[in-house]
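Keep the structure open beside you as we go.

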Amino acid sequence: MYKLIAIDVDDTLLNDELVVTEGTKRAMEEAIAKGVTVTLATGRMYASARQIAEQIQLNVPIITYQGSLVKTLLDGKVLYERSVPTDAAKELYAFTEKHGLHLQLYVDDQLFVKEANEKALMYSRLSKIPYTVAPDFEELLEQPNTKMLIIDEPDYLDEIAEQLKALIGDRVHITKSKAHYLEFMHKEGTKGHALRFMAEHLGCTMDQTIAIGDAWNDHEMIEAAGLGVAMANAIPALKEVADYVTLSNNDEGVRHVFEKFVLNAE
């Protein structure tokens with residue numbers, strides 16, 4: 001029997017209207033009633049993920065910042081935390097300055113930008129999280145950054161990702177959560193690391209875990225889980241490494257997984 005299910009949020013749990021359907025909520029509630037731990041595994045910051053978790057009435061530790069922060073919902077206790085190494089953070093900042101890129105910093109679960117622009121505004125609207133224009137942006141690099149993020153055109157991000165892998169890839173984990181978001185975390189700040197931590201924390205084996213996602217930032221947990229599930233709307237590369245492909249986020253793909261592998265399982 002599966003004991004731990006980790007679900008990505010955007011384009012997985014949420015449909016394109018950014019809603020968790022009632023049918024999906026019911027399936028999750030039934031699984032929880034059977035003793036299964038259901039958690040979120042998202043690139044979103046904790047403050048943003050918490051809004052979703054409360055919407056579906058989860059009461060467990062949730063995996064946020066791609067796996068860099070695992071924190072409980074009830075008392076806000078940090079169970080697992082990793083930050084971008086300071087030297088790599090400074091090199092990334094210098095690179096973005098040189099190339100005129102929009103960089104966001106995440107310190108103490110707050111979002112900081114250097115200037116208020118359209119990219120910051122769009123991100124803030126989507127995540128429902130306010131941003132702060134830092135008076136001394138550079139000073140924040142001395143503090144633990146849970147995540148750093150560049151927003152730009154997808155093809156351009158792919159180009160600079162290769163340059164940045166050569167520059168700081170030995171010290172940071174680089175991934176994309178959406179086509180236009182390039183994200184930087186600690187090497188152990190992946191959803192796969194966090195899923196393993198959660199399984200150990202709960203006392204279950206990796207064979208007893210399910211991970212569900214749609215983007216390349218989900219591949220570590222999908223490869224680590226006993227059952228790795230890709231959404232029908234997932235990128236092709238993720239479907240290739242998944243054990244199972246479910247329906248799309250607009251067709252209650254998460255509900256389908258719960259019903260097939262947990263609720264109706266023999």
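Val70 stands opposite Tyr80 in S5. These residues belong to a pair of strands, S4 (residues 69-72) and S5 (residues 78-81), which run antiparallel to each other with three bridges. Helices (H or I, at least four residues) and strands (E, at least two) are DSSP runs numbered from the N terminus, and two strands pair if DSSP finds at least two bridges between them. Five residues lie between the strands of this hairpin, and Gly76 has a positive phi there, near 65 degrees.

A word on the model before we move on: it is predicted, so local features need pLDDT of at least 70 and side-chain atom pairs count only at pLDDT 80 or more, while totals for chains, interfaces and linings use all residues. Residues are numbered from 1 along each chain as its sequence is written, and side-chain values use heavy atoms, with hydrogens and water left out.

Now look for the open sheet, where five parallel-paired strands follow the order S2-S1-S12-S13-S14. S2 and S14 (244-245) are the edge strands with a single partner each, so one side of each has no neighbour in the sheet. Further in, S12 pairs with S13 (residues 227-230) in the parallel sense over four bridges, and Ile210 stands opposite Leu227 in S13.

Next comes helix H7 (residues 191-202), whose twelve residues reach 16 Å from first C-alpha to last, close to the 16 Å expected at 1.5 Å a residue (the expected span is 1.5 Å times one less than the number of residues). Lys191, Gly192, Ala194, Leu195, Met198 and Ala199 of H7 are buried, meaning under 20% relative accessible area with a 1.4 Å probe and protein chains only. They sit on the same side of H7 because they cover an arc of only 160 degrees around the axis, taken from the directions from the helix axis to the C-beta atoms. The buried residues of H7 pack against S1 (4-7), S2 (37-40), S3 (61-64), S4, S12 (209-213) and helix H8 (219-224), and contact here means heavy atoms within 4.5 Å. After H7 comes Gly203, with a positive phi near 80 degrees.

Finally, which residues touch the most other members of the largest nonpolar core? Of its 61 residues, they are Ile7, Leu13, Leu40, Ile210, Ile212 and Phe258. Such a core is a set of buried Ala, Val, Leu, Ile, Met, Phe, Trp, Tyr and Cys residues joined through side-chain atoms within 4.5 Å. Helix H10 (residues 253-263) gives the most to this core, six residues.

How values were computed: Buried means under 20% relative accessible area, exposed over 50%, partly exposed in between (1.4 Å probe, protein chains only).
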